[in-house]
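Hi,

Here is the structure for you to look through. My notes on it follow below.

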Amino acid sequence: MRIIVAHNAKEYNGLPVETYARSIIRVLCQWGHDVTEVPKEPPFSFDVYAANELLLDLDCGRNDKGELRWHGEEQKPPIKSAVYFIDSHGYPDLHRKLARNYDHCVFAAWSRRDLFDYHKSAHWLPN
């Protein structure tokens, strides 16, 4: 499967900083998926979406400007999409609102599962 993974990539001394996103990307590649990494910064190019089958938008902290950005923040992405929320306890209202624009919602915080009780495809995946 051709998967876009959206995350905030950071480097230190020329090497990628290990994050939840890096772990997920590594496993997807090991499983044989064709992964394209993209930043969580607009504008988002339709060309990138069109060449892929799934967008996985990962909760991976703020960008260099201190903003939380999402491919589905304004509208549903134009391909099948999933969002993975790590810190729903910190941003409950934002995560509840954003989940509506994704086909699948995955969350790590069991204590905030109520935020996604309306979603037709919500799944608990602890870290």
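**Pocket, sheet and rings**

Helix α1 gives the largest share of the lining of the largest pocket, five residues. Helices (H or I, at least four residues) and strands (E, at least two) are DSSP runs, numbered from the N terminus. This is a predicted model: local features need pLDDT of at least 70, side-chain atom pairs count only at pLDDT 80 or more, and totals for chains, interfaces and linings use all residues. Residues are numbered from 1 along each chain as its sequence is written, and side-chain values use heavy atoms, with hydrogens and water left out.

The largest pocket holds about 310 Å³ of space. A pocket is an open set of points on a 1 Å grid over the protein atoms alone, where a 1.4 Å probe fits, with protein on both sides within 12 Å along at least five of seven lines; lining residues have an atom within 4 Å of a point. The volume is the space filled by probe spheres set on the points, which are joined across faces, edges and corners. Of the 13 lining residues, Ile24, Leu28, Leu56, Tyr84 and Leu125 are the closest to the centre. By class, eleven are nonpolar, two polar and none charged (Ala, Val, Leu, Ile, Met, Phe, Trp, Tyr, Cys and Pro count as nonpolar, Asp, Glu, Lys and Arg as charged, the others, Gly among them, as polar).

Now the sheet. Six strands form an open, parallel sheet, in the order β4-β1-β5-β6-β7-β8. Two strands pair if DSSP finds at least two bridges between them. Four bridges join β5 (residues 54-58) to β6 (residues 81-85). Leucine 56 stands opposite alanine 82 in β6.

Last, the rings. There are four aromatic pairs. Rings of Phe, Tyr and Trp (its six-membered ring) pair if their centres lie within 6.5 Å; planes under 30 degrees apart count as stacked, over 60 as edge-to-face and the rest as tilted. Tryptophan 70 and phenylalanine 85 have ring centres 5.4 Å apart and planes at 65°, so this pair is edge-to-face. Tryptophan 70 is in the loop between β5 and β6, and phenylalanine 85 is in strand β6, 15 residues apart.

Best wishes
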